[in-house]
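Open the model in a viewer and keep the sequence panel beside it. The stops below go from strand pairing to charged side chains.

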Amino acid sequence: MSKGKLDIPQKETYTVVYRAGFDEHLTADVAYTNERGKPTELKEVNGAWDKTVTLKSGTHVQLKTLAIAKKEAKGEYKILVDGKVVSEYVLRGKRLNYTVEFDLP
């Protein structure tokens, strides 16, 4: 899901919060844009995951997760920019693939 350029006031930096919650049966690989504007990958994430980064104006922000379970499970995802929710989603199944990306003004 690409949101393009966000419709929020432009400023020098933004606080971006990534949140994901995975049922006990899920193990996920997570990739996100770090403080330097570069992708960071984490393997075998489970339970609640939360990361807060400060990013410069114009940064391309991305959160990608792939979670796999042996039986039906639920994953919850949320991204906030300066406290405003820009993406919120719940997926159910054995294979949960969630990607969202956008550009900061």
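Begin by selecting E3 and E4, which run antiparallel and are joined by 5 bridges. The model is a predicted one. For one of the contacts between these strands, pick Ala-31: its bridge partner in E4 is Glu-41. Then follow the chain through the hairpin of E3 and E4, where 5 residues lie between the strands. Stop at Gly-37 in this hairpin, which has a positive phi near 80 degrees.

Now colour E3 by accessibility: 5 of its 7 residues are buried, so the strand is largely enclosed by the rest of the structure.

Asp-82 sits in the loop between strand E6 (60-81) and strand E7 (84-103), and Lys-11 in the loop between strand E1 (2-5) and strand E2 (13-22), so the pair ties together parts that are 71 residues apart in sequence. Both ends are partly exposed: Asp-82 has 36% relative accessibility, and Lys-11 has 39%.

Which parts of the chain does the pair link? Glu-35 is in the loop between strand E3 (27-33) and strand E4 (39-45), whereas Lys-51 is in strand E5 (residues 47-56), 16 residues apart. Glu-35 counts as partly exposed at 41% relative accessibility, and Lys-51 is also partly exposed, at 26%.

Finish with Lys-74 and Glu-76. These two form a salt bridge in which the closest N and O atoms are 3.3 Å apart. Are the two residues buried, partly exposed or exposed? Lys-74 is partly exposed, with a relative accessible area of 22%. Glu-76 is partly exposed as well, at 40% relative accessibility.

Notes
Residues are numbered from 1 along each chain as its sequence is written. This is a predicted model: local features need pLDDT of at least 70, side-chain atom pairs count only at pLDDT 80 or more; totals for chains, interfaces and linings use all residues. Side-chain values use heavy atoms; hydrogens and water are left out. Helices (H or I, at least four residues) and strands (E, at least two) are DSSP runs, numbered from the N terminus. Buried means under 20% relative accessible area, exposed over 50%, partly exposed in between (1.4 Å probe, protein chains only). A salt bridge is a side-chain nitrogen of Lys or Arg within 4 Å of a carboxyl oxygen of Asp or Glu. Two strands pair if DSSP finds at least two bridges between them.
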